[in-house]
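Have a look at the sequence and the model, then read on.

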Amino acid sequence: GGGDDCPRRFQRALYELKRLRQMAHERGLEAEASNARLVAGSRALAARLHSAHASVAERLEAAEKELDAVLNLHVGKLSNLAKDLGFEVPKSFRRNAKEQILREATEKAPSPSSSDESGFEMPDFEMSGSEMPQLGKKKPSDHSVVPFLQRSAHGNSGEQDAKAACVASVVPFRGRSAHLNLFYDHISKFLKTPEASRLCWSFYIVEQYDTDLFNRGWIFNVGLAMAGLEKRDFKCIAIQDLDTLPEVGGGVDFSDCEIPMQLSSEIECYGWLPPYATNAGGVVTMSGEHWHRINGFSNDYEGWGGEDDDLRLRLRELGLLRGTCGSFCNLTDRAFRPGQTDLIGRPARGHGRFICLDEKSHTPRKHGDMGMMQRKLREMEQGSTRWAFDGLSNLNFDLIRHERQPFPEVTDTSVELHWVKAVPRSGWRFTPERLRLVLDGEACRPECRSLRQRCAAFPTRLPFTLSELEMEFKTAFGNCLVDGQLDSLGYWLINRRALITPISRDDHSADTD
């Protein structure tokens, strides 16, 4: 009796160990997301405080109240996460954070040509959701909240010192693996050009991992918040569409952001011209100070369109439309006119050339509530202050995964690739317990079938690709597979409430979700 019970007890202990490890990993991701939201929201508010202090005392007071609300919200969440891990946020953390933000806001107001030197340094932390928290240790004696949160996340790295500047490129993504592979191939070539190789790069592929309407603005805000946790001091931060790519050898300079710039000013699918004079979409780059001053993108434009028009109105409201008609003054059919000065900046003719990927590979564009979109834009046109409360300052998201990888086909170690899967709220939908791995009787060895539940198991983590699913089967059933061969297995996804569908091995080469 005792001998027969041993394998079952071992399996229960192994499962519990995996469950605790996954729980710690998920808490790490929660803490990383919470820290990113706190830093991004506080910086956006600090940027507003800088610009408001010089002229409008009432707006300063309102922004301070909003700062209190944001700090209460995010520090509260961070405190709860710390308690879950057995640590404690110092009582002085919130007070010190607010005092430092207000001190910096009142002491230094940005000049009109300010780039990324905001003069504001949040008492922030560096963290990695992929690192495992060191459970069981005592409360740290410094200002760290948990052991994997470290002070000073914005110092220069050695790689940055060797480059002219560092830039971050945030790429909104969902369900377009064909375009993603073309993006990797093209950008790997672009990074070897003189204008790109002099820079250090951080690419953020940010995937909206749900079935709701695509929200490009919210996705960029998530990427901007995550970039705020890096050690690198970014001169410029760009939003980069997956299907609009810089021409190799075209001289596109992603470090050109003294004023907000529409880098993609000569687009192949628009006849190598801008779509129209007041367009502010496509590949846009700004300093971190300017992104925070306008509070990032709106989070409220779901579906295709609207967020780039809202972006232009934010820039107008803050006096950041400092471009002219430049090289395009003669394009009267696209609403340009000589002497125009209320436009987003654009590079000199010949330095904003971007190619377009095949539209047939694009996922269907779905609109949200068009009436609501038009109403929001009309409100912004009429001077609504909604921009100040809708963006980085009220950003909410949960991390499903954050991985750092080498950029494909690139050997330059100063080029970093971050893959971020995020949702507005996870609601524990992505825990491993949601999935049960079952090995068919014919594929499971007889000696394993005789052990209760030996041919069924939970994964160590929720697999997102076929290759990850195969690895989970190998980990769970390696010694029980007939002939020990994974290649002979076929996979079926069975949702007991909705569907039964095969998973094609043909998808393996693309490693699709």
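Cys329 is partly exposed, at a relative accessible area of 21%. On the scale used here, buried means under 20% relative accessible area, exposed over 50%, and partly exposed in between (1.4 Å probe, protein chains only). Cys325 counts as buried at 3% relative accessibility. The two are joined by a disulfide with S to S 1.8 Å, where a disulfide is a pair of cysteine sulfur atoms within 2.5 Å. At 70° about the S-S bond, this link is right-handed.

Please keep in mind that this is a predicted model, in which local features need pLDDT of at least 70, side-chain atom pairs count only at pLDDT 80 or more, and totals for chains, interfaces and linings use all residues. Residues are numbered from 1 along each chain as its sequence is written, and side-chain values use heavy atoms, with hydrogens and water left out.

## Two further disulfides

The structure holds five disulfides. One of them joins Cys236 to Cys257, with S to S 2.0 Å, and is left-handed at -85° about the S-S bond. Because Cys236 lies in strand 5 and Cys257 in the loop between strand 6 (244–246) and strand 7, the pair ties together parts that are 21 residues apart in sequence. Cys236 counts as buried at 0% relative accessibility, and Cys257 counts as buried at 1%.

Another disulfide joins Cys269 to Cys356, with S to S 2.1 Å; this link is left-handed too, with -65° about the S-S bond. Cys269 sits in the loop between strand 8 (266–267) and strand 9, and Cys356 in strand 10 (residues 353–356), so distant parts of the chain, 87 residues apart, are linked. Cys269 counts as exposed at 51% relative accessibility, whereas Cys356 counts as buried at 19%.

## Helices (H or I, at least four residues) and strands (E, at least two) are DSSP runs numbered from the N terminus, and two strands pair if DSSP finds at least two bridges between them.

Strand 5 (residues 234–239) pairs with strand 9 (residues 284–286) in the antiparallel sense over three bridges. Which residue of strand 9 is the bridge partner of Ile237? That partner is Met286.
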